[in-house]
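Colleague: I am new to this structure and would like to learn how to read its features. Please take me through them.

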Amino acid sequence: MRPLRSVLIANRGEIALRVVRACRELGLRSIAVYSDADAGAPHVRAADVAVRLGPASASESYLRGDHLIEIAVAHGADAIHPGYGFLSEREWFARAVREAGLIWVGPPAEAIAAMGSKTAARTLAIQAGTPVVPGTTTPLRDAAEAEALAAEFGYPVLLKAAAGGGGKGMRIVRGPGEVAGALESARREAQNAFGDDAVYLEKYIEGPRHVEIQVLADAHGTCLALGERECSIQRRHQKMIEEAPSVAVTPELRARMGAAAVAAARAAGYVNAGTCEFLLDRHGAFYFLEMNTRIQVEHPVTELVTGLDLVQWQLRIAAGERLPFTEPPEPRGWAIECRITSEDPASGFLPSTGRVMRLALPTGPGVRWDGGIEVGSTVGLYYDPMLAKLIVHAPTRAAAIARMRRALDDLVIDGVATSADFHRRLMDDPAYQAGDVDIQWLEGRLPALLAATPDAATTRRIAVAAALLAAHERPGTVASHARPAAGAGTPPTDGASAGAAVVDGGSAWWQAARRDGLGGS
Ligand code: ADP
């Protein structure tokens with residue numbers, strides 16, 4: 001096998017930076033790629049080499065598999081790491097990379113294909129003896145067939161796109177009258193999102209948790225389950241917070257779910273890092289949903305409780321190394337991750353845009369920031385709204401929640417509305433603190449969480465912004481170019497005195513404060 005010395009990273013944002021860091025620690029040369037929208041992005045500067053891909057739109061840049069391979073070959077890369085999203089789960093791309101004589105940092109193309117459609121993955125899991133959600137393994141022909149099956153499994157049922165991802169092409173059906181309409185709209189959405197309108201049917205499980213198992217397999221026959229991640233805090237089937245371990249998983253259940261995940265992975269001929277997603281019901285029964293054949297967004301929580309660097313292991317396994325252990329490590333302590341997105345909770349989580357004017361990052365014991373932004377970054381609408389992940393690790397769950405609360409208080413992102421304050425409110429929620437949640441919990445809790453009184457830090461910032469506005473609108477009271485205390489990035493606590501010490505109307509701070517404190521509320 002070709003030696004691994006140089007890796008092209010076919011991605012952007014925080015995961016591209018994450019892979020650059022792993023490469024650097026392993027002594028590998030990293031090659032970044034970027035679209036025109038990302039020319040000044042942190043991952044471009046962090047890598048040893050950076051090459052322009054094309055215009056901002058993903059279809060003309062990060063999704064150009066042919067172009068990525070050409071660049072890899074031209075710049076002497078030995079391997080391509082796809083990150084997550086974009087081309088990471090495209091069988092044809094994994095195959096094309098291999099055919100170009102390059103190493104694919106991921107599972108074999110055949111394993112991606114085996115797990116690529118949800119229906120194929122269900123068939124494989126059933127053969128491997130892994131329990132799946134009751135339902136079909138072939139696409140629905142028409143509404144009449146769907147109705148007959150729904151009657152057999154019992155309502156409610158879920159229509160799901162076979163090619164699905166990101167919660168798209170999914171419809172809950174609560175009674176016979178809804179079947180035809182739901183099937184049509186699920187098919188349309190699936191066709192638009194994936195170019196494939198195949199939709200199948202599953203029993204809709206009420207009130208389960210989403211618990212997934214991290215799998216790591218080398219090419220020499222070792223395939224391990226590295227414990228679970230609890231991902232039940234979801235909005236519109238999208239994860240917002242992840243934890244490791246899960247309050248609902250005992251060592252005995254961990255072992256059984258791990259064995260089921262390893263059986264499914266082995267059946268697919270899996271090598272490298274992957275994740276088997278399960279629903280866990282209130283009675284401790286679990287059902288395989290799908291296998292994600294790539295590194296997951298939420299991999300850091302597993303890294304923190306196992307002490308393993310999963311991205312480094314992806315690279316080492318791709319280079320042919322053997323895993324040096326045959327038993328998975330016991331989880332140590334508790335890790336929580338909040339996905340910080342450019343979505344504005346105050347306006348129904350609409351994507352927000354802007355320029356990052358100030359950024360104060362939390363540090364200190366047990367705090368990790370996997371981010372793709374810096375001061376000056378422009379947040380647009382071309383790509384996924386996830387800006388960063390804030391991850392904490394502590395000896396117990398309660399200590400991890402307290403740490404996340406502190407870290408979120410320390411975090412300041414000015415210039416673009418984010419989900420950070422919403423996460424802060426979630427950390428204070430008694431049901432969340434008790435771990436008493438399921439995948440439907442957050443949707444029901446949203447109105448109360450959004451109505452909750454803002455925390456002290458937010459109140460302070462709104463007060464400062466109001467004072468700034470007042471000062472700005474009273475000519476003569478504004479001191480030129482004075483800035484609030486830099487400190488940890490927190491504005492002065494006293495709104496009135498902040499107003500007196502302020503800033504010319506055109507300054508960055510003024511604009512940021514106005515947008516942050518007043519524009520969004
Ligand atoms: P996607 O690949 O689009 O993310 P998944 O199959 O992973 O789709 O499901 C996404 C989420 O939808 C799950 O985490 C869970 O919250 C919910 N979900 C999926 N299947 C079911 C089901 N049968 N019953 C209840 N909820 C489900």
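Colleague: Which strands does helix α15 lie across, and at what angle does it run to β10?

Modeller: Helices (H or I, at least four residues) and strands (E, at least two) are DSSP runs, numbered from the N terminus. Contact means heavy atoms within 4.5 Å. Axes are lines fitted to C-alpha atoms, for helices over the stretch in contact, and angles run from 0 to 180 degrees between N-to-C directions. Here α15 (residues 441-451) lies across β10 and β11 (238-244), at about 35° to β10. Helix α9 (residues 251-267) lies across β9 (209-217), β10 (223-235), β12 and β13, and runs at about 105° to β10.

Colleague: What should I know about the model itself?

Modeller: It is a predicted model, in which local features need pLDDT of at least 70 and side-chain atom pairs count only at pLDDT 80 or more, while totals for chains, interfaces and linings use all residues. Residues are numbered from 1 along each chain as its sequence is written, and side-chain values use heavy atoms, with hydrogens and water left out.

Colleague: What is the mean pLDDT of the chain, and where does pLDDT stay under 50?

Modeller: pLDDT is the predictor's confidence in each residue, from 0 to 100. The chain has a mean pLDDT of 90, and 89% of its residues reach 70 or more. Over residues 477-521 pLDDT stays under 50, and for this stretch the model has 79 contacts beyond four places in sequence. Where pLDDT is low, the predicted coordinates should not be read in detail.

Colleague: In what order do the strands of the open sheet come?

Modeller: Two strands pair if DSSP finds at least two bridges between them. The open sheet has 8 strands in the order β13-β12-β9-β10-β11-β14-β21-β19, with antiparallel pairing. β13 (286-292) and β19 (367-371) stand at the edges with a single partner strand each, so one side of each has no neighbour in the sheet. On average, neighbouring strands of this sheet are turned by 25° against each other, direction ignored.

Colleague: How many residues of β14 are buried?

Modeller: Buried means under 20% relative accessible area, exposed over 50%, and partly exposed in between (1.4 Å probe, protein chains only). In strand β14 (residues 334-341), 8 of the 8 residues are buried, so the strand is largely enclosed by the rest of the structure. W334, I336, C338 and I340 point one way, and A335, E337, R339 and T341 the other way. β14 pairs with β11 in the antiparallel sense over 4 bridges, where I241 has C338 as its bridge partner. Another 8 bridges join β14 to β21 (residues 386-394), also antiparallel, and T341 is partnered there by M386.

Colleague: Why do the buried residues of α7 line one face of the helix?

Modeller: The buried residues of α7 (residues 143-153) are E145, A146, L149 and A150. Seen down the helix axis, they fall within an arc of 135°, so they line one face; the arc is that of the directions from the axis to the C-beta atoms. On the other side of α7, A144 and A151 are exposed. The buried residues pack against β6 (157-161), α8 (179-194) and β8 (199-203). Just after α7, G154 takes a positive phi of about 90°.

Colleague: Which peptide bonds are cis?

Modeller: The bond from Y155 to P156 is cis, with omega near -5°, and P156 sits in the loop between α7 and β6. The bond from A244 to P245 is also cis, with omega near -5°, and P245 lies in the loop between β11 and α9.

Colleague: How many disulfides does the structure hold?

Modeller: A disulfide is a covalent bond between the sulfur atoms of two cysteines. It is taken here as a pair of cysteine sulfur atoms within 2.5 Å, and the structure holds 0. The sulfur of C223 is 8.5 Å from the closest cysteine sulfur, that of C276, too far for a bond. C223 is buried at 9% relative accessible area, and C276 is buried at 0% relative accessibility.
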